[in-house]
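Please keep the sequence and the structure in view while going through the points.

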Amino acid sequence: MPLQIPRHGQHRTPSGAASHYHGRMGNENGARAPLWRTLAAWAVHLYTALGVPLGVWAIYAAFAGDFRTAWLVLAVTDFIDATDGALARKVPVREVLPWVDGGMLDNIVDYFCWVVVPAIVLERAGLLPVCAMPAPMLASGYGFAQTQAK
């Protein structure tokens, strides 16, 4: 089956069926969320995505030999990861922005912040040989791909 790109105002549901939303503030049922809810939903996604620039900061700190900062910044990403799901459910993000997969965003940020970045920090600290770096990355990639993992 050829790849079909949804048109503006249309997205694919998990079953592959086309679904329409009405404007930037509409949900799958065509109802418009209040502007404050839409902004709050985008803020939650931004909060989740904040882990990536923080992870990059940790990498820069590790290359500068500042491992204390690297691990402190990773601790901040852990706090974000521990709280973003509750925020997403409180808003509720999935209802307001059904065409943005917050779970996928969370998994991408988690893999980067809890697999890639720590491997780089550990290697820069001399605690993990470069040749061993692929092992946790491959094992974690396989783990993140498991549908029953969460």
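**Notes on helix packing, one arginine and confidence**

1. In this predicted model, helix α2 (residues 51-63) packs against helix α3 (residues 67-90) at an angle of about 165 degrees, and their axes lie 7 Å apart. An angle over 145 degrees counts as roughly antiparallel, and α2 and α3 are therefore roughly antiparallel to each other. The crossing in which α2 passes α3 is left-handed.

2. Which residues of α2 and α3 meet? From α2 come Gly51, Leu54, Gly55, Trp57, Ala58, Ala61 and Ala62, and from α3 come Phe67, Thr69, Ala70, Val73, Leu74, Val76, Thr77 and Ile80. Sorted by class, this contact of α2 with α3 holds 11 nonpolar and four polar residues, and no charged residues.

3. Helix α3 also packs with helix α5 (residues 102-124), at an angle of about 165 degrees and with the axes 11 Å apart. That angle makes α3 roughly antiparallel to α5. Here, too, a left-handed crossing is found as α3 passes α5.

4. On the α3 side, the contact with α5 is made by Phe67, Ala70, Trp71, Leu74, Thr77, Asp78, Asp81 and Asp84. On the α5 side, the residues are Asp106, Asp110, Cys113, Trp114, Val117, Pro118, Val121, Leu122 and Arg124. By class, the contact of α3 with α5 comprises 10 nonpolar residues, one polar residue and six charged residues.

5. Is arginine 37 buried or exposed? Its relative accessible area is 19%; since buried means under 20%, arginine 37 is buried. This arginine 37 belongs to helix α1 (residues 35-49). Leaving aside residues up to four places away in sequence, arginine 37 touches Val91, Pro92, Glu95 and Val96.

6. The confidence of the prediction should be read alongside these points. The protein has an average pLDDT of 85, and 79% of the residues score at least 70. Where in the protein is confidence lowest, and where is it highest? The lowest mean, 48, belongs to strand β2 (residues 18-20), whereas α2 has the highest, at 98.

7. One stretch deserves a separate remark. Over residues 19-23 the pLDDT stays under 50. For these residues the model has 20 contacts beyond four places in sequence.

Key: Residues numbered from 1 in each chain as written. Predicted model: local features only at pLDDT ≥ 70, side-chain atom pairs only at ≥ 80, totals over all residues. Heavy atoms only, no water. Axes fitted to C-alpha atoms, helices over the stretch in contact; angles between N-to-C directions. Helix = DSSP H or I, 4+ residues; strand = E, 2+ residues; numbered from the N terminus. Parallel < 35°, antiparallel > 145°, perpendicular 65-115°, else oblique. Left-handed = near helix turned anticlockwise from the far one by under 90°. Contact = heavy atoms within 4.5 Å. Nonpolar A, V, L, I, M, F, W, Y, C, P; charged D, E, K, R; others polar. Buried < 20%, exposed > 50% of the residue type's maximum accessible area, 1.4 Å probe, protein only. pLDDT = per-residue confidence, 0-100.
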